[in-house]
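Colleague: I would like to learn how to read a model of this kind. Could you take me through some features, with the general idea before each case?

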Amino acid sequence: MATPHQQMLSEPSIGTSQIPPVAQAAAEPPKTAAPAYKLNSKNLNFFYGSFQALHQISIDITSNKVTAFIGPSGCGKSTFLRTMNRMNEALRNTRVEGDLRLDGANLLEMDVTDVRRRVGMVFQKSNPFPKTIFDNVAYGLRVNGIHKKRVVEEAVERSLDRAALLTEVKDKLHKPASALSGGQQQRLCIARALAVEPEVLLLDEPCSALDPIATLKIEELLFKLKNSTTIVIVTHNMQQAARLADYTGFFLMGKLIEFGDTRKIFQNPGVKATEDYVTGRFG
Amino acid sequence: MMMEISRRRKVINAAMLSLSGICTVLVIGVLFFILGYLLWHGFRSLNWEFFTKLPKPSGESGGGMANAIVGSGKVLLVATLIGVPLGFLAGVYLAEYSGKTFAFSLRYTVDLLNGVPSIVIGIVAYALVVRPMGHFSALAGGVALGIMMIPIAVRTTEEFLRAVPNSLREGAMALGATKAKTVFTVVVPAAISGLASGMMLNLARVAGETAPLLFTALGNTFWSHGWLQPIATLPVMIYNYAIAPEEDLHQQAWAAGFVLLALVLVINITARLIIARGSASSRR
């Protein structure tokens, strides 16, 4: 029986030629070794003042895979993402409860700048600093104490290359980043995050302001990156989650309703609410 | 009946329009009258000697205000060195660090300080610097004007830093930058053109202050060496010469007024240019 969501998956979408469909990856025989988890949360609660935005979130994020969070606006997926690099701490009057581990160590008690160097973040709206392209990418290195000219230059070049931006900007590294197009700016922000070689890369709707071509470029880039980096992406675009993610979590009203293999979430969800959402029957 | 009301409305509307129009013309007229009068008298009295010569002893004609021009520069330099760093750092604290309640009281205090009459600030500087040192000085004048610069420096800094989008702060912190690194390597540079021009406008504002200088810098008819002697400044020279009986000194006072106005205008225009260039480059 062809359900609507299966049709959605098999529908030829941009990038299918470059990106192997998730269905193939998920169809591999199950690995015998238990997957390594990069991040684990257990019974995590989060409060904005007296409002509880996250309820008892327990999730294991697998190393070097892409995990996507989907769900309607205000469901807590971005909040959870921002908890994983403790970005919410910068907001006043917030509180987090529960257990959150990075490689088994308590993330909530680690040095916060250390956490953020290891867990990088790319934001919904590209936010290049009002500096040159080079200085944008070098920023993370410099604030982490790396100033040696050659080391910085190499890292900047490597990061721009990994973010698939080098060929477009190599002649204007010392021009202001604001001169780049929207898609280029977002890739610059990814390059900037990659320069400090994070173990985890969090992306908060990184393509929501981009056109399909720029979106495709970023998806290709993420697909390559997952060999070396654990990627967690929040997206409103369900095709994107289906194309990109190995695992998908569905959030609703601050709760993680269902989490599992992307193929299962989209084709055979265990919960009615998930099915309603992925088939678009949900507000 | 309806006709009556609509006629009345039209009459009231026309009356209000002409009233506000007349007031606007009056305000602009007064401003241009002052400017024009100053330009006319000042420019006529201006000559090369004004910039190069010291004041002549009373009774002799000629001479200039070279010492007061340099003196104003020195006093304003001291004022900047005191007012800008203090106000800037307090503004950084206010915009980036302080909690809501404390920020409110700090802001309120700063606004109060801004409203303190300048002569009172002069008395404070007199008590702080002149009394302990036993004599008037350029330093004391600088302290007085520096204190006057603080409130605007604080509020300008706060305003321009708050205008920097939060996404930049988050971007820097997400790369492992500490709060201080974020503020001083991303937020302040992003606001730098606004900050620079705000500080210049602030300087232009105190450049014409006279009252606080009367009993701090005092005045001097000769060159003042170093920073610890009484020093001549343009506003105080204008004050002294304008109330003097000799017509010749009145002419000099006009010239000094003209020079002061030109100085303030130059600072103002430079500041506006910096703002314009800054916002043009951030739009690009």
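Predicted model: local features only at pLDDT ≥ 70, side-chain atom pairs only at ≥ 80, totals over all residues.

Colleague: How many helices and strands does the secondary structure of chain A come to?

Modeller: Helices (H or I, at least four residues) and strands (E, at least two) are DSSP runs, numbered from the N terminus. Chain A has twelve helices and ten strands.

Colleague: What share of the residues in chain A is buried?

Modeller: A residue is buried if 20 or more other C-beta atoms lie within 10 Å of its own, exposed if 12 or fewer, and partly exposed in between, with C-beta atoms placed from the backbone. Of the 283 residues in chain A, 45% are buried.

Colleague: And how are contacts read?

Modeller: Two residues are in contact if their C-beta atoms, placed from the backbone, lie within 7 Å. Among the contacts in chain A with a separation of 6 or more, 72% are between residues 24 or more positions apart.

Colleague: Where is A:Gln186, and is this residue buried or exposed?

Modeller: A:Gln186 sits in helix H8 (residues 182-195) of chain A. A:Gln186 counts as buried because 30 C-beta neighbours lie inside 10 Å. Leaving out residues up to four places away in sequence, A:Gln186 touches A:Ser126, A:Pro206, A:Leu210 and A:Ile218. A:Ala163 is 23 residues from A:Gln186 along the chain, and their C-alpha atoms are separated by 9.6 Å.

Colleague: How should I describe two packed helices?

Modeller: Two packed helices are described by the angle between their axes and the distance between the axes. Axes are lines fitted to C-alpha atoms, for helices over the stretch in contact, and angles run from 0 to 180 degrees between N-to-C directions. Angles under 35 degrees count as roughly parallel, over 145 as roughly antiparallel, 65 to 115 as roughly perpendicular and the rest as oblique. In chain A, the axes of helix H5 (residues 133-143) and H6(A) come within 9 Å and cross at roughly 110°, so H5(A) and H6(A) are roughly perpendicular to each other.

Colleague: Which residues of H5(A) and H6(A) meet?

Modeller: From H5(A) they are A:Phe134, A:Val137, A:Ala138 and A:Leu141, and from H6(A) they are A:Val152, A:Ala155, A:Val156, A:Ser159 and A:Leu160. Ala, Val, Leu, Ile, Met, Phe, Trp, Tyr, Cys and Pro count as nonpolar, Asp, Glu, Lys and Arg as charged, and the others, Gly among them, as polar. By class, this contact has eight nonpolar, one polar and no charged residues.

Colleague: At what angle do H7(B) and H8(B) pack?

Modeller: The angle is about 150°, with the axes of H7(B) and H8(B) 10 Å apart. H7(B) and H8(B) are therefore roughly antiparallel to each other. H7(B) contributes B:Leu168, B:Arg169, B:Ala172 and B:Met173 to the contact, and H8(B) contributes B:Thr182, B:Val186, B:Val187 and B:Ala190. Six of these residues are nonpolar, one is polar and one is charged.

Colleague: How many residues of each chain take part in the contact between chains?

Modeller: Chain B gives 17 residues and chain A gives 22 residues. On the side of chain B, the elements giving two or more residues are helix H7 (166-173), helix H8 (179-190) and helix H12 (247-283). H7(B) gives the most to that side, with five residues. By class, the chain B side has eight nonpolar, six polar and three charged residues.

Colleague: What is the phi of A:Gln56?

Modeller: Phi of A:Gln56 is near 45°, a positive value in a residue other than glycine. A:Gln56 is in strand E2 (residues 51-62) of chain A, and this residue is partly exposed because it has 15 C-beta neighbours inside 10 Å.

Conventions. Residues numbered from 1 in each chain as written. Chains lettered and ligands numbered in written order.
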